[in-house]
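Here are my notes on the model you sent over.

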Amino acid sequence: MLRLVMKKITLILLFIAIITSCQVPIGGNAIQVSGKNFTVASTGGDVDITTDGAAECTLTEPDKQTSDFVRLHLFEAQPVTHTGTWYSFESRNDGKELHLKFEENSTSNDRILYMSLTEADEYARITITQNGSK
């Protein structure tokens, strides 16, 4: 009887291990980035981000009425650039080097830029907040 119970427990544990291993995606499902939250002064400035590579980048400028977004393909041979309403973006080396430059924020409201990076099944989200002028 004890032998039968031990066999059942072993089979159940083996079954759980197999199910669990099938649910963990290869690569850990996260793009490695040098930081996920950045703050920029109201006077403007630069943010440099390094990654282990990204194929696509979606830039989103949320506000109270709409959310404007831009999708960029970063696996180009040349640098990929985009100019937003209050920032500029440049990607080099297949999405491994990202550079953002922010203009002065003369309003009292903070501005937020969300950056979503994807590479196959990997993903990273970065939030950049620019302070409003006081």
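Among contacts in the protein between residues at least 6 apart in sequence, what percentage join residues at least 24 apart? The figure comes to 52%. Bear in mind as you read on that this is a predicted model.

1. **Overall layout.** Of the 134 residues in the protein, 33% are buried.

2. **The nonpolar core.** The largest nonpolar core holds 24 residues, and those touching the most other members are Phe89, Leu100, Met115, Leu117 and Ile128. At least two core residues come from each of β1 (37-40), β2 (45-50), β3 (56-62), β6, β7, β8 (111-119) and β9 (122-130). As background, nonpolar side chains in soluble globular proteins tend to be buried together.

3. **Leu117 up close.** Setting aside neighbours within four places in sequence, Leu117 is in contact with Ile31, Val33, Thr51, Ala54, Glu56, Cys57, Leu74, Leu98, Glu122, Tyr123, Ala124 and Ile126. Glu56 and Glu122 are on that list, along with Thr51.

4. Trp86 and Tyr87 make one that is edge-to-face, with 5.5 Å centre to centre and 75 degrees between the planes. Tyr87 also pairs with Phe102: the ring centres are 6.4 Å apart and the planes sit at 40 degrees, so this pair is tilted. Tyr87 belongs to strand β6 (residues 87-92) and Phe102 to strand β7 (residues 97-102), so the pair links distant parts of the chain, 15 residues apart. Together, Trp86, Tyr87 and Phe102 form one aromatic cluster.

5. **A charge over a ring.** Which residue lies over the face of Tyr114? That is Arg125, at 4.1 Å from the ring centre.

6. **The largest pocket.** Its volume is about 270 Å³. The lining consists of 12 residues, and the ones nearest the pocket centre are Pro62, Asp63, Trp86, Arg111 and Ile112. The elements giving two or more residues to the lining are β3 and β8.

7. **Two positive phi angles.** Asp94 has a positive phi of about 55 degrees although it is not a glycine. Asp94 lies in the loop between β6 and β7 and is partly exposed, with a relative accessible area of 39%. Ala120 is another residue other than glycine with a positive phi, near 55 degrees. Ala120 sits in the loop between β8 and β9, and it is exposed at 77% relative accessible area.

8. **Thr58 in β3.** Thr58 is found in strand β3 and is buried, with a relative accessible area of 14%. Not counting residues up to four places away in sequence, Thr58 touches Phe69, Val70, Arg71, Tyr114, Met115 and Ser116. Tyr114 is the ring with Arg125 over its face, and Met115 is one of the core residues named in point 2. The C-alpha atoms of Thr58 and His73 are separated by 8.9 Å, and the two are 15 residues apart along the chain.

9. **Ser91 in β6.** Where is Ser91 found? It is in strand β6, and at 2% relative accessibility Ser91 counts as buried. Beyond its neighbours within four places in sequence, Ser91 is in contact with Leu74, Pro79, Val80, Glu97 and Leu98. Leu74 and Leu98 are also among the contacts of Leu117.

10. **Asn109 and Ser133.** Asn109 has its place in the loop between β7 and β8 and counts as partly exposed, at 49% relative accessibility. Asn109 and Ser133 are 24 residues apart along the chain, yet their C-alpha atoms are separated by 7.4 Å.

Methods. Residues are numbered from 1 along each chain as its sequence is written. This is a predicted model: local features need pLDDT of at least 70, side-chain atom pairs count only at pLDDT 80 or more; totals for chains, interfaces and linings use all residues. Side-chain values use heavy atoms; hydrogens and water are left out. Rings of Phe, Tyr and Trp (its six-membered ring) pair if their centres lie within 6.5 Å; planes under 30 degrees apart count as stacked, over 60 as edge-to-face and the rest as tilted. Helices (H or I, at least four residues) and strands (E, at least two) are DSSP runs, numbered from the N terminus. A charge sits over a ring if NZ of Lys or CZ of Arg is within 6 Å of the ring centre and within 35 degrees of the ring normal. A nonpolar core is a set of buried Ala, Val, Leu, Ile, Met, Phe, Trp, Tyr and Cys residues joined through side-chain atoms within 4.5 Å. Buried means under 20% relative accessible area, exposed over 50%, partly exposed in between (1.4 Å probe, protein chains only). Contact means heavy atoms within 4.5 Å. On a 1 Å grid over the protein atoms alone, a cavity is a set of points where a 1.4 Å probe fits but cannot get out, and a pocket is an open set with protein on both sides within 12 Å along at least five of seven lines; lining residues have an atom within 4 Å of a point. Grid points are joined across faces, edges and corners, and a volume is the space filled by probe spheres set on the points.
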